[in-house]
Amino acid sequence: MVKLNKIYTRTGDAGETGLVGTERRPKHDLRIDAFGTVDEANAAIGIARLHIATSHDPILKRIQHDLFDLGADLATPYKDDGEKDLRIAETQVARLEHEIDELNANLAPLTSFVLPGGTPASAYLHLARTITRRAERLSCALAEKETINPVAIKYLNRLSDLLFVLARAANENGKLDILWEPGVNR
């Protein structure tokens with residue numbers, strides 16, 4: 001279990017931060033950027049939860065816990081030694097897929113792209129979705145340079161899809177969606 005007695009440590013004052021273990025990296029390192037962006041997505045989900053329907057809040061609360069797991073996964077360099085480190089699992093991806101299918105069944109088919117907006121919950125979920133996509137892009141870039149858990153990238157990909165579907169659900173199951181009108185301002 002994590003125990004934090006002191007919030008400031010001064011260990012990052014020289015522009016480095018620690019990974020899980022003893023390794024330190026510059027704060028602008030791609031790995032740090034990837035798990036920092038996961039943290040940013042988690043914060044945006046926290047804001048969305050302030051506005052979300054009670055029935056969807058447990059999904060988002062669970063996802064926030066998953067995102068801490070994902071942050072720990074990305075903050076822990078991969079080893080090929082039968083490791084016991086905390087890693088995102090396929091079961092977490094499968095759960096997201098199941099929830100996407102359940103929520104999407106209640107939504108009208110799309111006839112255009114959806115603009116972020118409608119209700120406050122929907123707008124914040126779209127914000128969380130775009131931050132999640134950035135975390136996915138950073139994780140893909142990291143995977144080209146270092147070995148990471150491939151399930152982490154799958155999780156981020158499915159999570160952005162789930163956040164999209166949840167944003168539509170928060171817009172009265174799509175009734176309040178704002179659809180893109182191509183070329184409307186020409």
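Guide: A salt bridge is a side-chain nitrogen of Lys or Arg within 4 Å of a carboxyl oxygen of Asp or Glu. A search of the whole structure finds 12 of them. The model is predicted, so local features need pLDDT of at least 70 and side-chain atom pairs count only at pLDDT 80 or more, while totals for chains, interfaces and linings use all residues. Residues are numbered from 1 along each chain as its sequence is written, and side-chain values use heavy atoms, with hydrogens and water left out.

Visitor: What makes Asp73 and Arg87 a salt bridge?

Guide: The closest N and O atoms of Asp73 and Arg87 are 2.8 Å apart, and the definition asks for a distance within 4 Å, so the pair qualifies. Asp73 lies in helix 2 (residues 57-74) and Arg87 in the loop between helix 2 and helix 3 (90-104), so the bridge ties together parts 14 residues apart in sequence. Helices here are DSSP runs of H or I with at least four residues, numbered from the N terminus.

Visitor: Why is Glu97 called partly exposed?

Guide: Buried means under 20% relative accessible area and exposed means over 50%, with partly exposed in between (1.4 Å probe, protein chains only). Glu97 has 32% relative accessibility, and therefore counts as partly exposed. By contrast, both Asp73 and Arg87 are buried.

Visitor: Which helices does the salt bridge between Glu97 and Arg158 link?

Guide: The side chains of Glu97 and Arg158 meet at 2.7 Å, N to O. Glu97 is in helix 3 and Arg158 in helix 5, 61 residues apart.

Visitor: Why is helix 4 called roughly antiparallel to helix 5?

Guide: Helix 4 (residues 120-145) and helix 5 (residues 150-170) pack at an angle of about 170°, with axes 8 Å apart. Axes are lines fitted to C-alpha atoms over the stretch in contact, and angles run from 0 to 180 degrees between N-to-C directions. Angles under 35 degrees count as roughly parallel, over 145 as roughly antiparallel, 65 to 115 as roughly perpendicular and the rest as oblique. Helix 4 is therefore roughly antiparallel to helix 5.

Visitor: Which salt bridge joins Arg133 to another residue?

Guide: Arg133 pairs with Asp161, the closest N and O atoms being 3.2 Å apart. Arg133 belongs to helix 4 and Asp161 to helix 5, 28 residues apart.

Visitor: How do you know that Ser160 is buried?

Guide: Ser160, in helix 5, has 1% relative accessibility and so counts as buried.

Note on methods. Helix = DSSP H or I, 4+ residues; strand = E, 2+ residues; numbered from the N terminus.
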